[in-house]
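Hi there,

Here is the structure I promised to pass on, with my notes below it. Have a look at it first, and then read on with the viewer open beside you.

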Amino acid sequence: MGFYIGKIKIDGSVVLAPMAGVTNLAYRQMCKKYHAALVYSEMISDKGIFYHDKKTLALAKIDKNEHPIAIQIFGGDLDTLLYAAKFVDQNTEADIIDINMGCSVPKILKSNAGSAYLLDPERIYKTIKTIVENVKKPVTVKIRIGWDHQHINALEVAKKIKEAGASALAIHGRTKSDLYRGHVNYQIIKEIKENLKDFPIIVNGDITTPQKAKEILEYTQCDAVMIGRASYGNPYIFKQIDHYLKTGELLPNLTLKEKIQILKDYSEELIALKGEYTAIRELRQQAGWFLKDFKQSAQIRKKVSLITSYDELLQILNALEQ
Ligand SMILES: Cc1cc2nc3c(=O)[nH]c(=O)nc-3n(C[C@H](O)[C@H](O)[C@H](O)COP(=O)(O)O)c2cc1C
């Protein structure tokens, strides 16, 4: 198992998806601990990099323990996107530069970025080719299967991306219009892999269990599965899938006690990264992801959604452990 993205060895076939507001350095490290074979940063604005915005640049901070890592950038203007790609190439420790051509958020689409690229495969070709020619690190792309159900063009787009010199492609099997709803079209991803056998393809969308990961990998013949929301409160899913793919054995889910310990460790890392004020605001939601499926969990999540300090969170967690 495992594959190469350019010269970068990816030692496994379960990777963490880029998720804005989620896959910060602390989150990535937590997933890495449980064998995510590759992690992606949150999407980072090309304009933010261009203007050297402090908050934007902070998103590109990488720890030595999280390699291999892809930094994902987005933008609708080639000039600034290229600037950002060169910046990531020359000024960060990222192993891979990933270009977001799949985001469905209206503000991003308005600036001709994200899924807006899917409307114009020639623009995709030109953009990726220009970036590839100007950086040393491998360039990858993340797309959806098309703009909407009348315009499913992922095969054409994937061919252009490969031809332009990209080193891998991640595909979320939905259209821009689907947002996060409805059926994930794995069939088209299978067709793309059949057509581009030697091009690393990562399949993404609604992969939530080891069994499903195995089924989708076998069906599509892709090189890896990408896990997004199923990692919420359960970074152990990477290890569960990895282990199942290697041995056919299902590891038991984490106990509540184990989840609480992971949550405490994550909270401390997040506070170290962002300071307590910001971290606590994020933890009001994220801590709830770890605290599910037990008696009174709804009540506990409600309490957690109101915390104002780490001490308060600790009190709730310690009481829960008694
Ligand atoms: C909160 C959130 C933020 C996301 N941010 C990004 C992003 O920054 N870049 C990107 O390419 N995709 C982003 N996505 C899409 C995910 O990478 C992934 O394609 C999608 O969630 C489907 O995978 P899943 O079903 O495993 O969650 C985001 C998704 C969510 C839920």
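Searching the whole structure, which is a predicted model, turns up 6 aromatic pairs. One to bring up on screen is Tyr 27 with Tyr 266: the ring centres are 5.9 Å apart and the planes stand at 85 degrees, so this pair counts as edge-to-face. Tyr 27 belongs to helix 1 (residues 25–33) and Tyr 266 to helix 11 (residues 256–274), so the pair ties together parts that are 239 residues apart in sequence. Both tyrosines, Tyr 27 and Tyr 266, are buried, and together with Phe 290 they form one aromatic cluster.

Rings also meet charges here. The charged end of Arg 281 sits over the ring of Tyr 277, 3.7 Å from its centre. For Arg 144, the charged end sits over the ring of Tyr 180, at 5.2 Å from the ring centre.

Now for the domains. The domain assignment divides the chain into domain 1 (3–247) and domain 2 (256–321), and their C-alpha centres lie 29 Å apart. Domain 1 puts 14 residues into the contact, and domain 2 puts in 12 residues. How much area is buried between domain 1 and domain 2? The figure is about 1,100 Å², with carbon and sulfur atoms giving 68% of it.

The largest nonpolar core has 106 residues, and Ile 73, Ile 99, Ile 143, Ile 161, Leu 169 and Ile 227 are those with the most contacts inside it. Domain 1 (3–247) and domain 2 (256–321) both give residues to this core, so it lies between them.

Last, helix 10 (residues 237–247). Which of its residues are buried? They are Ile 237, Phe 238, Gln 240, Ile 241, Asp 242, Tyr 244 and Leu 245. These buried residues of helix 10 pack against strand 3 (14–16), helix 1, helix 9 (210–220) and strand 10 (224–227). Just after helix 10 comes Gly 248, with a positive phi of about 80 degrees.

Happy browsing, and do write back with any questions.

Best wishes

How values were computed. Residues are numbered from 1 along each chain as its sequence is written. This is a predicted model: local features need pLDDT of at least 70, side-chain atom pairs count only at pLDDT 80 or more; totals for chains, interfaces and linings use all residues. Side-chain values use heavy atoms; hydrogens and water are left out. A nonpolar core is a set of buried Ala, Val, Leu, Ile, Met, Phe, Trp, Tyr and Cys residues joined through side-chain atoms within 4.5 Å. Buried means under 20% relative accessible area, exposed over 50%, partly exposed in between (1.4 Å probe, protein chains only). Domain bounds come from an automatic or database domain assignment. Rings of Phe, Tyr and Trp (its six-membered ring) pair if their centres lie within 6.5 Å; planes under 30 degrees apart count as stacked, over 60 as edge-to-face and the rest as tilted. Helices (H or I, at least four residues) and strands (E, at least two) are DSSP runs, numbered from the N terminus. A charge sits over a ring if NZ of Lys or CZ of Arg is within 6 Å of the ring centre and within 35 degrees of the ring normal. Contact means heavy atoms within 4.5 Å. Buried area is the accessible area (1.4 Å probe) that two parts lose on being put together, summed over both.
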